[in-house]
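Look over the sequence and the model before reading on.

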Amino acid sequence: FEAKEGGVVMSGTETSHVNKHGEARKEKLKKEGFEVLDKEEKQNVLKRTSYWLSDWTPDAGKKRVEVPPKRASSPFSGRELRLKDLKSVTLKRDSDSTEKNAVGTDVVFVCAVSNKRLTTQPCVAITKTGSVMLKSSFDEFAKKDMVCPVTGSKFKDKDVVELKKCATGYASSGKVEAEVYRPTMV
């Protein structure tokens, strides 16, 4: 049992009242087998058990909020993005598709070379020509000669950008590894 300042201590059928100044009474209760806590011990118990109270919440401390940058940074280099760093690309639309996307419009993009639908497979953009194609089509048709199969113009290695597929924090996308649970009897 716990004796509280100004509280009631119960032992079976008898009830004793403990006040703030009753040191002799506290000693008597300790001898009878009651646990009597001082003010600091009670605060520690309260901190441990009543974390939702505003007096006992942990303090994050004062942190200086830094001013956000004026320009967004490049995910590749970390430097500020400039308008001349951005490249436009041409995505080929599939004219035969009748599927609707989340907005409700008929938009399905396909590879400029093979006309296969672009979904989550690796894609490549040639920044000099703006062509977007599957990586497999790029490796097969354009990488050897360094000539764009769509426009016929030459390009360099620095003009090739591998496009990253997007993923959400809500669902896994791309490489998924399954873990097999095999229970064993011991």
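Which residues lie nearest the centre of the largest pocket? They are Phe 76, Asp 85, Leu 86, Lys 87 and Val 161, and the pocket is lined by 22 residues. The model is predicted, so local features need pLDDT of at least 70 and side-chain atom pairs count only at pLDDT 80 or more, while totals for chains, interfaces and linings use all residues. Residues are numbered from 1 along each chain as its sequence is written, and side-chain values use heavy atoms, without hydrogens or water.

The volume of this pocket is about 720 Å³. A pocket here is an open set of points on a 1 Å grid over the protein atoms alone, where a 1.4 Å probe fits, with protein on both sides within 12 Å along at least five of seven lines; lining residues have an atom within 4 Å of a point. Points are joined across faces, edges and corners, and the volume is the space filled by probe spheres set on them. Strand 9 gives the most to the lining, with 4 residues.

Now the overall layout. The protein chain has 3 helices and 9 strands. Both are DSSP runs numbered from the N terminus: helices are H or I with at least four residues, strands E with at least two. Their order from the N terminus is β-β-β-α-β-α-β-β-β-β-α-β. Of the 186 residues, 19% are buried. Buried means under 20% relative accessible area, exposed over 50%, and partly exposed in between, with a 1.4 Å probe and protein chains only. Among contacts with a separation of 6 or more, 29% join residues 24 or more positions apart. A contact means heavy atoms within 4.5 Å.

Next, helix 3. Its buried residues include Ser 137, Phe 138 and Ala 142. These span an arc of only 100° around the axis, so they sit on the same side of helix 3. The arc is taken from the directions from the helix axis to the C-beta atoms. The buried residues of helix 3 pack against strand 7 (123–126), strand 8 (131–134) and strand 9.

Ser 137 counts as buried because its relative accessibility is 5%. Leaving aside neighbours within four places in sequence, Ser 137 is in contact with Cys 111, Val 113, Ser 114 and Ala 142.

Which partner does Phe 138 have? A search of the whole structure finds 1 aromatic pair. The ring centres of Phe 138 and Phe 155 are 6.1 Å apart and the planes meet at 35°, so the pair is tilted. Rings of Phe, Tyr and Trp (its six-membered ring) pair if their centres lie within 6.5 Å; planes under 30 degrees apart are stacked, over 60 edge-to-face, and the rest tilted. Phe 138 lies in helix 3 (135–142) and Phe 155 in the loop between helix 3 and strand 9 (160–163), so the pair ties together parts 17 residues apart in sequence. Both Phe 138 and Phe 155 are buried.

Last, the charges. The whole structure has 2 salt bridges, each a side-chain nitrogen of Lys or Arg within 4 Å of a carboxyl oxygen of Asp or Glu. Lys 135 pairs with Asp 139, with the closest N and O atoms 3.9 Å apart. These two lie in helix 3, 4 residues apart, about one turn of the helix. Lys 135 is partly exposed at 26%, and Asp 139 is partly exposed at 31%. The other bridge joins Asp 85 and Arg 82 at 3.2 Å, N to O. Asp 85 is one of the residues nearest the pocket centre.
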